[in-house]
Amino acid sequence: MRSGFWQGVVEATPICLVYAPVGLAFGVLASQAGLNPLAVGLMSVLVYAGSAQFIAVGLMQTGAAIGPIILTTFLVNLRHMLMSAALSVRLKRLSLGQQAVFCYELTDETFAVHSTALDPGHDSFPHLIGVNITSQLCWIVSTILGVWLGGALPETLLRQWGVDYAMAAMFIALLSLYLTTLRRALLAAAAVLLIIIGQILIPSDWNPILVTIIIASLGVLTHRES
Amino acid sequence: MPKWLETWLGYVPVGILAALLGKALFVPGGQVNLNLVRPEIIALVPAILVGVKTKNLFLPVLIGIASVALLRLVM
């Protein structure tokens, strides 16, 4: 069992390579938004979702209301429900408590590892959790370090390094996973167009939510069984 | 769960991720900016091509940030 856990720790190394730069960048943004290391650390423990944390802090920074913040982060993270569902057949072997712990630490990156390199149907719980705990630790540490970095380095230098682009770059990476067909790429382009039109007509923090509802409905209407 | 709802939920990630990315790129700081010749927009091209091609979560982030840093240096 012990070797299973440590094996998981080693397998989490490539995930940490992603979390270190993105986590640092998130910490920098959070420090610019006025969050302290404790708040950022707690957020990384409780929320533990890069995209949702970026969006939440971005909205807080512009003084958004609580409603759009909750609903936007909910929609951003809804994809994890689909991932848990995809893994659920193979998780039946685990107890309900183990499943809950596993799913709480499920992210896009750990999902990728669990659905390819690992087999939740056969791997031991310590092995699975070794991957998850190591990944989350990397995320917590790098986000807190980022707050410190944001306070220590001048903003012009951070901009020069492209740190402010980390959020957009992460969204590009995540969106790429879902651009499997030309139709889906067109739906994405339509979403970008709608968000720009919405901003020109009625600027509102609710716009991304509204656009998502329109795009998902368009997706259903044009859906073809593959 | 009814089938249509499952399909609908399957399209939520494309909608929300594209909407938020569009907002970050074309509405920086709350102001609409449709200028396409900016480091942030040009960097989108290599990053998304690599992302779609590899379905890797690390490479597009790396390439996106590196492209923006390089482009800011020369533009």
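Predicted model: local features only at pLDDT ≥ 70, side-chain atom pairs only at ≥ 80, totals over all residues.
A salt bridge here is a side-chain nitrogen of Lys or Arg within 4 Å of a carboxyl oxygen of Asp or Glu, and by that rule the count between chain B and chain A is three.

**Interface of chain B and chain A**

- Of the area that chain B buries against chain A, 17% is supplied by B:Tyr11, B:Leu17 and B:Leu57, which is more than any other three residues supply.
- One of the three salt bridges between the chains is formed by A:Asp205 with B:Lys23, whose closest N and O atoms are 3.9 Å apart, a distance to be read against the cut-off of 4 Å.
- Nine residue pairs are found in polar contact across the interface, with both residues of each pair at pLDDT 80 or more.

**Disulfide and cysteines of chain A**

- A search of the whole structure, over all chains, finds one disulfide, and this bond joins A:Cys16 to A:Cys138 with an S to S distance of 1.9 Å.
- Because A:Cys16 lies in helix α2 of chain A and A:Cys138 in helix α9 of chain A, the pair ties together parts that are 122 residues apart in sequence.
- The torsion about the S-S bond of A:Cys16 and A:Cys138 is about 80 degrees, and the disulfide is therefore right-handed.
- A:Cys16 is buried, at a relative accessible area of 14%, whereas A:Cys138 counts as partly exposed at 22% relative accessibility.
- A:Cys103 is also partly exposed, its relative accessible area being 29%.

**Helix α8 of chain A**

- Helix α8 of chain A spans residues 108–116, and its buried residues are A:Asp108, A:Glu109, A:Thr110, A:Phe111, A:Val113 and A:His114.
- These buried residues pack against α2 (13–32), α6 (79–91), α7 (96–104), α9 (125–152) and α11 (166–178) of chain A; among these helices are α2 and α9, in which A:Cys16 and A:Cys138 lie.

Terms used
Residues numbered from 1 in each chain as written. Chains lettered and ligands numbered in written order. Heavy atoms only, no water. Buried < 20%, exposed > 50% of the residue type's maximum accessible area, 1.4 Å probe, protein only. Helix = DSSP H or I, 4+ residues; strand = E, 2+ residues; numbered from the N terminus. Contact = heavy atoms within 4.5 Å. Disulfide = S-S within 2.5 Å. Buried area = accessible area lost by both parts, 1.4 Å probe. Polar contact = N/O pair within 3.5 Å; in protein donor to acceptor, adjacent residues only side chain to side chain.
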